[in-house]
Amino acid sequence: MATKQPQWLEYGTPTLDRPFGVALWPIFNKAFEAVRGYPADDFRFVPGETPMSTMQETAISLISYYLIIFGGRELMRERQPLKLNGLFKIHNFYLTAISGILLALFLEQLIPTLVRGGLFHAICDYNGGWTQPLVTLYYLNYLTKYLELIDTVFLFLKKKPLTFLHTYHHGATALLCYTQLLGNTAVSWVPITLNLTVHVVMYWYYFQSARGIRIWWKKYITMLQIIQFVIDLGFVYFASYTYFTASYFPNLPSAGICAGEEFAAFAGMGILSSYLVLFIGFYASTYKKPVRKGRGRATSALVEMKDEQVPDVKEVRRRLSAGQQGFTSAKENGFAPNGQAATPGSGRVTRSRKA
């Protein structure tokens, strides 16, 4: 007697709606139901009701993150670094797996949409980039950003430096995903799928490195991240431009209205632009040849950014003390704190020749 095939298992020759040969959504639907008690098809993102869907929850989570990592760094100051290689491997392996699974689920949804409706439909139409299955995946991707915050916990427990780039990027990404969920941004799938692709490569690299395997292509991960942000910004700026021109400047050329809220557009453009600047600086300071003596201020800032650490309590006190001493010394020598000469009794400040 033949065994009946489960309804959630569909496979066969690859088609447009089943690009991998095996239909992934029914399997995911069944797994989601086993965990949550209802199928993924029934999920709805409702601000104020869905967990982690309010600004208060997001703000408390991110503030807690920064308190934990900077407080933890202070607690570890006089302690030996912990050896957490086993846990670190597990952490990077499951983030590699989660990123890969989400990426495959996104592609299964997007490939038929792109082929049938075209690119503009996919990034600017609610029926293209904001369908119920995609919103479910957007939400799950948003939740993974909180799992990724554990990266920084490993850093302070192992007494590695907490750089501005790392700590800012992790917190800002969770905030970015939240704003796009709240703003119904149909173009969200572009930065998300590119980010998942990078994360599959990046977390696999960290997993292999934790196993002691030397990998020669580390710098190409940063290059991939930079390419990702350039493409992200191309799509996000286009979607924002066509939205604002169609809404407020009808005389300007426009491709038509684009799905999403205005605050989400500004958040997306601002945060992604900051990523591009920071990662270009990181790449330039890490992998490019040393800059000649007498370099410009902008170049110096890029080179110094790589090693810039978020100051701890002791360093903040030292800087404040040094600043106060410098202010007192400047006043005693007839100079203003900005290096300009002060004219006694006049209240005027004249530029020093050395400035």
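A residue counts as buried when its relative accessible area is under 20%. Lys145 has 2% relative accessibility, so Lys145 is buried. The model that shows this is predicted.

Lys145 sits in helix α6, which spans residues 132-148. What does the side chain of Lys145 make a polar contact with? The partner is the side chain of Asn195, at 3.0 Å. Beyond neighbours within four places in sequence, Lys145 is in contact with Thr173, Ala174, Cys177, Asn195 and His199. Cys177 is itself buried, because its relative accessibility is 13%.

The largest nonpolar core has 44 residues. Within this core, the residues with the most contacts are Phe106, Tyr138, Tyr142 and Leu181. Elements giving two or more residues to this core include α1 (24-36), α2 (55-75), α3 (85-117), α8 (164-182) and α9 (189-210). The largest share, seven residues, comes from α6. Another core, of 15 residues, lies apart from the largest one. Among its residues are Leu165, Ala172, Phe229 and Met269.

Leaving aside neighbours within four places in sequence, Leu181 is in contact with Phe45, Trp130, Val135, Tyr138, Tyr139 and Tyr142. Phe45, Tyr139 and Tyr142 also belong to a cluster linked by ring pairs.

Aromatic pairs number 28 in the structure. One of them joins Tyr66 and Phe70, with ring centres 6.1 Å apart and 15° between the planes. This pair is stacked. Tyr66 and Phe70 are four residues apart in helix α2, so about one helical turn separates them. Trp204 and Phe207 form a tilted pair, 5.3 Å centre to centre, with 40° between the planes. They are three residues apart in helix α9, so they too are separated by about one helical turn. Here the two partners fall on opposite sides of the 20% cut-off. Trp204 is partly exposed, because its relative accessibility is 34%. Phe207 is buried, because its value is 14%.

Helix α8 holds Thr167. Is Thr167 buried or exposed? Its relative accessible area is 3%, so Thr167 is buried. A polar atom of its side chain lies 3.3 Å from the backbone oxygen of Phe164.

Now to the covalent link. The count of disulfides is one. Cys124 and Cys258 form it, with their sulfur atoms 1.8 Å apart. The two cysteines lie in distant parts of the chain, 134 residues apart. Cys124 is in helix α4 (residues 119-124), while Cys258 is in the loop between α10 (218-248) and α11 (262-287). The angle about the S-S bond is -85°, and the link is left-handed. Both ends are buried, because the relative accessible area of Cys124 is 6% and the relative accessibility of Cys258 is 5%.

Last comes the annotation. The unreviewed UniProt entry marks residues 54-72, 93-111, 186-206, 226-244 and 264-285 as "transmembrane region". In the model, residues 54-72 are 95% helix and 0% strand, with end C-alpha atoms 27 Å apart. Residues 226-244 are 100% helix and 0% strand, and their end C-alpha atoms lie 27 Å apart.

Methods
Residues numbered from 1 in each chain as written. Predicted model: local features only at pLDDT ≥ 70, side-chain atom pairs only at ≥ 80, totals over all residues. Heavy atoms only, no water. Buried < 20%, exposed > 50% of the residue type's maximum accessible area, 1.4 Å probe, protein only. Polar contact = N/O pair within 3.5 Å; in protein donor to acceptor, adjacent residues only side chain to side chain. Contact = heavy atoms within 4.5 Å. Disulfide = S-S within 2.5 Å. UniProt positions renumbered as here; feature names shortened; annotations may be inferred. Core = buried A, V, L, I, M, F, W, Y, C linked by side-chain atoms within 4.5 Å. Phe/Tyr/Trp six-rings, centres within 6.5 Å; stacked < 30°, edge-to-face > 60°.
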